[in-house]
Amino acid sequence: MFNTTTQHAYRTTAGTYFSDKELSPGDFILGNFDRSMTKYGLNLYSRKNNTVLKVPVVSNILAIRKNISEKLHFASGLKITLTNALIMGDKSYLKDFITDKFTVSGMNHLLAISGLHVGIVVGILLWITSFLHMKLRCLIAMPILALLIIFTGFKITVIRAVTFAFVLMTAYILDIKTHLNKMVLFVAAFFMLIDSNLIKDISFLLSFSAVYGIIYFLERKQTFQERTITERITAPVKVGIAATVFTAPFILYYFGNFNYLSILNTVIMLPFISGLIILGILYLIFPAALITPISVFENISLKILDCLYQWTLPSFVLNKISLSLFILTLIFMLIVIALRKKFLLLLVLIVPLLNGSNAEGLYIPKMVRSKSFINISGDKSEIFFKGWYSDFKYKFIPFAAKLSLQEFDKGYINIYDGENKFIKIKKISKNYSNICINEERSNCFYVFKTRSNTIKKNSYSPNHFYLIYKNRFSADNVLKLSDYEKDVYITGKSVKIIN
C-alpha cells in the first residue's frame, strides 16, 4: 500500500515517519496520517501534503544533541555507548546484548530517561543554587527542565517527569499543600484528558504506578532529618520493593518477564547509573577532560551489569499472565490500598509463580523470516530457533512467556545477528523427540522444514508429517504454516489455533 523505498525515514516521538520531503531535527509535522504496525514498531505515512513547521531554537538544540552524542561515542574510540543512552536518550550505539542484560536483570527501567534522570538533574540544580532561597531555586530549575525535554528528544517519559516536577515546584512556590498521591493522580488525569489512549500506553502505566507505589510505601509524616539512620538506609530498598510490586502486574501482562532479584540489582546498579548521568552532565561543560573518566567508569558499570546478569539469571521468570489474573491482581491491590495494609501487597510477588501446565505437543509461533518451535514431550521441553534477533526477542520470547517456559531440557538456538540472553538450555542438541529438522529418519514422525518449497512430490514420504511455511506441492500430510494467521498447537495431525 505504501512505497517506502524512495522516501526518507525519520524517528519521531510517535513512530517511524516516512516522508517524501527531507526534514531536519526538531521539525513539527502537522496533518493527517495513516498508521501501520510492523514487527519493528509503528510506521506513519502522510495522507496528503502535510504542513512542516520549523522551530529554529528546537532544531538547533536537537542538532547540538546529535553532535554531542556522536562526538562522545567516536572520541572514546566507539567505547562509550551506555552514557549516550542515559544522557541524551540515544540508544543507536547501544548493543542489543547490553539491553537484554538490563531486561533479564530486571533493570530495564534504568535505561529509560525518566523520573530518575530528571530527579538527578533537579538535585544537581538545587545543589548548585543552594545559597539561594528554595523558591528562587525552583524558579531557576523550571526553565532548565523545559530545555531538558528538548535536549532528550521529546521523550514522552521525560515530558511526564518534568510535568510532575513542574506541578510540585509550582505548588511549593504558591504554598499549596496537598497529598503527594493526589498530586500523582492529578497529573495522570491531566495527561489522560489530553489523550485518552494513554490508558493503554504501557509506558504511562508503568511510570505512574511506580511513582504512586513509592509515595504510598514511603508515606511518612517525619521529615528526612527526623528519620532514624535505619530508616534512611532501608529507604532505597523500600523504593525498589514499592516500584517492583506496583509495576509487576503490568510487566507480567504486557511483557511476560520478571526477576525476583531486580530490587537488589537496582539498589546495586543505581549508584553506577547515577555516576554515569552526573559524568555525562559534566561532559557537557568539560568535554575534553571527561572522555577518559566516562569511558573507564562505563566499563566498570558494564562489568557490574554482567556480574548481576550472571548471578540473577536463575531468578529470571518468563510468564505472561492471563487477562483475568491481571484484573484480579489489580482488584486485590486496590482492596489492600483501601484497607491500608501495606504488607499484604507483598503477596503480589507470588503472581509470577502462578502458571498452568502445558499439554504435550508441538507449539509453533507465527513467523515468516525465522523458524522455530517448542516441543513438550512428557515432562521434557525442547526448543528450536533459527533466525533473526528481532523475531527472537519480539516474537519468540513473548511466545515462550505465554507457555511460562524459560528453561529447556535440550534444544538449539541460532540467532544470525544477535545473542540469546533469555533462554536457558541444559543440553545443546539438534536431536529432538520425534522431530527431524530438514531430514527424514524412521524414528521421526514430524519433519520440520526451515526453507519453503523444499518438499517435492517425487521425494516426500507418506510416513511423515511435514511442517513447512510455504510449499507448491500439497498433500494431506504437508502442513503449510502460512495458511494460519496465528500461533498453532499440533498434536498428532491435529492443528489448533493458539489465541
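Predicted model: local features only at pLDDT ≥ 70, side-chain atom pairs only at ≥ 80, totals over all residues.
Trainee: Great. Which residues touch the most other members in the largest nonpolar core?

Mentor: F204, F208, Y216, V245, F246 and L345 do, in a core of 34 residues. A nonpolar core here is a set of buried Ala, Val, Leu, Ile, Met, Phe, Trp, Tyr and Cys residues joined through side-chain atoms within 4.5 Å. Buried means under 20% relative accessible area, exposed is over 50%, and partly exposed is in between, using a 1.4 Å probe and protein chains only.

Trainee: And which elements give two or more residues to this core?

Mentor: Those are α6 (156-173), α7 (180-194), α8 (202-217), α9 (229-254) and α12 (323-339). The largest share, eight residues, comes from α8. Helices (H or I, at least four residues) and strands (E, at least two) are DSSP runs, numbered from the N terminus.

Trainee: What does F246 touch?

Mentor: Not counting residues up to four places away in sequence, F246 touches S209, Y212, G213, Y216, F217, M333, I337 and L345. Contact means heavy atoms within 4.5 Å.

Trainee: And V245, buried or exposed?

Mentor: V245 lies in helix α9 and is buried, because its relative accessible area is 0%. Leaving aside neighbours within four places in sequence, V245 is in contact with M333, L345, L346, V348 and L349.

Trainee: Now the surface. Which residues make the nonpolar patch?

Mentor: L323, I327, L328, I331, I335 and L339 make a nonpolar surface patch of about 560 Å². Patch residues have over 30% relative accessible area and no salt bridge; like charges are joined within 9 Å, and nonpolar side chains (Val, Leu, Ile, Met, Phe, Trp, Tyr) within 5 Å. A salt bridge is a side-chain nitrogen of Lys or Arg within 4 Å of a carboxyl oxygen of Asp or Glu. Accessible areas come from the Shrake-Rupley method with a 1.4 Å probe, and for residues, only the protein chains shown count as cover.

Trainee: Where is L328, and why does it count as exposed?

Mentor: L328 is found in helix α12, and it counts as exposed because its relative accessibility is 55%.

Trainee: On to strands. How many bridges join β10 to β11?

Mentor: Seven bridges join β10 to β11 (residues 380-387), and the two strands run antiparallel. Two strands pair if DSSP finds at least two bridges between them. S377 stands opposite K380 in β11. The hairpin of β10 and β11 has two residues between the strands, and G378 takes a positive phi near 65 degrees there.

Trainee: What about β9 and β10?

Mentor: Three bridges join β9 to β10, again antiparallel, and they form a hairpin with six residues between them. The bridge partners in β10 include N375 for L362 and I376 for G361. As for cover, β10 (residues 371-377) has six of its seven residues buried.

Trainee: Which residue in β18 is the bridge partner of I364?

Mentor: That is V488. Three bridges join β9 to β18 (residues 488-491), which run antiparallel.

Trainee: Last one: what is the phi of R340?

Mentor: R340 has a positive phi of about 60 degrees although it is not a glycine. Most residues other than glycine have a negative phi. R340 lies in the loop between α12 and β9 (361-364), and it is exposed, with a relative accessible area of 66%.

Definitions and conventions:
Residues numbered from 1 in each chain as written. Heavy atoms only, no water.
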